[in-house]
Amino acid sequence: MENNRYKKGIEIRKSLGVYGEDGLSGSYTEFEDIAPHHSKSIVEYCFGTCWDQGLLDHKTREMLVVAAAAAQDLPEEVETHTRGLMNQGVASGEVIEAIVSLCPYIGFPKTNHALRAAKKAIESN
């Protein structure tokens, strides 16, 4: 079962278009040399388990991750998953509107940080 979750996680990461052609760039390769089990768990659990539940599409999951990352003030994650959203066909304006909609709940500073990160992703796309 574990190997199947890993394979499914790689497949999902590839489909998002932000983790390289092999689906392994980003946090996976960043930590593979110092924490290989952690790197593998990112693929297996986050993508091969959580992202493979079937009821939500990848656009919705990416939007949820952007919102959660913005709420936690994690601009690198906002940037990465903004790219994923755009790769799933979401217009840049929709991403910006979603982030601005969070402002009453997460505050201006976190919203500003998320907007900067999204802008960076949009400009590099």
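Q: Which residues of H3 are buried?
A: Bear in mind that this is a predicted model, where local features need pLDDT of at least 70, side-chain atom pairs count only at pLDDT 80 or more, and totals for chains, interfaces and linings use all residues. Numbering starts from 1 along each chain as its sequence is written, and side-chain values use heavy atoms, leaving out hydrogens and water. Helices are DSSP runs (H or I, at least four residues), numbered from the N terminus, and buried means under 20% relative accessible area, exposed over 50%, partly exposed in between (1.4 Å probe, protein chains only). On that basis, the buried residues of H3 are Ser39, Ile42, Val43, Glu44 and Phe47.

Q: How far does H3 reach from its first C-alpha to its last?
A: H3 runs over residues 36–47, which makes 12 residues. The expected span is 1.5 Å times one less than the number of residues. H3 comes close to the expected 16 Å, with a reach of 16 Å.

Q: Is Gly23 buried or exposed?
A: Gly23 sits in the loop between helix H1 (2–16) and helix H2 (27–32). Leaving aside neighbours within four places in sequence, Gly23 is in contact (heavy atoms within 4.5 Å) with Ile10, Arg13 and Lys14. Its relative accessible area is 0%, so Gly23 counts as buried.

Q: Which element gives the most residues to the lining of the largest pocket?
A: A pocket here is an open set of points on a 1 Å grid over the protein atoms alone, where a 1.4 Å probe fits, with protein on both sides within 12 Å along at least five of seven lines; lining residues have an atom within 4 Å of a point. This one is lined by 18 residues, with Tyr19, Ser27, Val65, Glu77 and His81 nearest its centre. H2, H3, helix H4 (58–71) and H5 each give two or more. With four residues, the top contributor is H5.

Q: How far from Cys50 is the nearest cysteine sulfur?
A: Searching the whole structure for disulfides (cysteine sulfur atoms within 2.5 Å) turns up zero. Cys50 is therefore in none, and the nearest cysteine sulfur, that of Cys46, lies away from it by 6.1 Å.
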